[in-house]
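Here is a guided walk through a protein chain, taken one group of contacts at a time. Keep the picture open as you read.

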Amino acid sequence: VQLQASGGGLVQAGGSLRLSCAASGRTFSRGVMGWFRQAPGKEREFVAARTWDGSRQPYADSVKGRFTMSRDNAKNTVYLQMNGLKPEDTAVYYCAAETTGRLIISTMRRASAYESWGQGTLVTVSS
């Protein structure tokens, strides 16, 4: 099971980036996939998550209205479109996956609920 995140980079405040996370090996087509981030010196925090059918799609308050998560089940890939980026969005972004698909929203926000993690992609937002 592998998750490969990509799309990070350096962007000015107010700019946009789109992160991708491709899953290979075991499929997660019916599971929940999520994005988390970890800034230097801080704990990993929840960003967004999505069930396979989009019926549950929570976002962190700090990114709501600016970030949009989507997924292509046929490609086993999820995306995180990030608009209106701020310096405080600077972090390593990780994608994560689990296979049950039965997580409630509160559990979808917990890193411990996910079975597999990608290697992370660095997003740097300059002011």
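Before we start, one term: a residue is called buried when its relative accessible area is under 20%, exposed when that area is over 50%, and partly exposed in between, using a 1.4 Å probe and protein chains only.

What you are looking at is a predicted model, in which local features need pLDDT of at least 70 and side-chain atom pairs count only at pLDDT 80 or more, while totals for chains, interfaces and linings use all residues. Residues are numbered from 1 along each chain as its sequence is written, and side-chain values use heavy atoms, with hydrogens and water left out.

A salt bridge here is a side-chain nitrogen of Lys or Arg within 4 Å of a carboxyl oxygen of Asp or Glu. How many salt bridges does the structure hold? There are four. In one of them, the side chain of Arg 66 meets that of Asp 89, 2.7 Å from N to O. Arg 66 belongs to the loop between strand S5 (45-50) and strand S6 (67-72), and Asp 89 to the loop between S7 and S8, so this pair ties together parts that are 23 residues apart in sequence. The strand and helix names are DSSP runs numbered from the N terminus: helices (H or I) have at least four residues, strands (E) at least two. Asp 89 is buried, with a relative accessible area of 1%.

Asp 89 has another partner. Its side chain also meets that of Arg 37 in a salt bridge of 2.9 Å, N to O. Arg 37 sits in strand S4 and Asp 89 in the loop between strand S7 (77-82) and S8, so the link joins parts that are 52 residues apart in sequence. Arg 37 counts as buried too, at 5% relative accessibility. Glu 45 is partly exposed, at 36% relative accessibility. Put together, Arg 37, Glu 45, Arg 66 and Asp 89 form a network of salt bridges.

Now for the rings. A pair of aromatic rings is described by the distance of the centres and the angle of the planes. Rings of Phe, Tyr and Trp (its six-membered ring) pair if their centres lie within 6.5 Å; planes under 30 degrees apart are stacked, over 60 edge-to-face, and the rest tilted. Searching the whole structure gives four aromatic pairs. Take Phe 36 and Trp 117: their ring centres are 5.1 Å apart and their planes at 55°, so the pair is tilted. Phe 36 lies in strand S4 (residues 33-38) and Trp 117 in strand S9 (residues 116-117), so parts 81 residues apart in sequence are tied together. Phe 36 is buried at 1% relative accessible area, whereas Trp 117 is partly exposed at 28%. Trp 117 also pairs edge-to-face with Tyr 114, at 6.3 Å centre to centre and 65° between the planes. Ring pairs link Phe 36, Phe 46, Tyr 114 and Trp 117 into a cluster.
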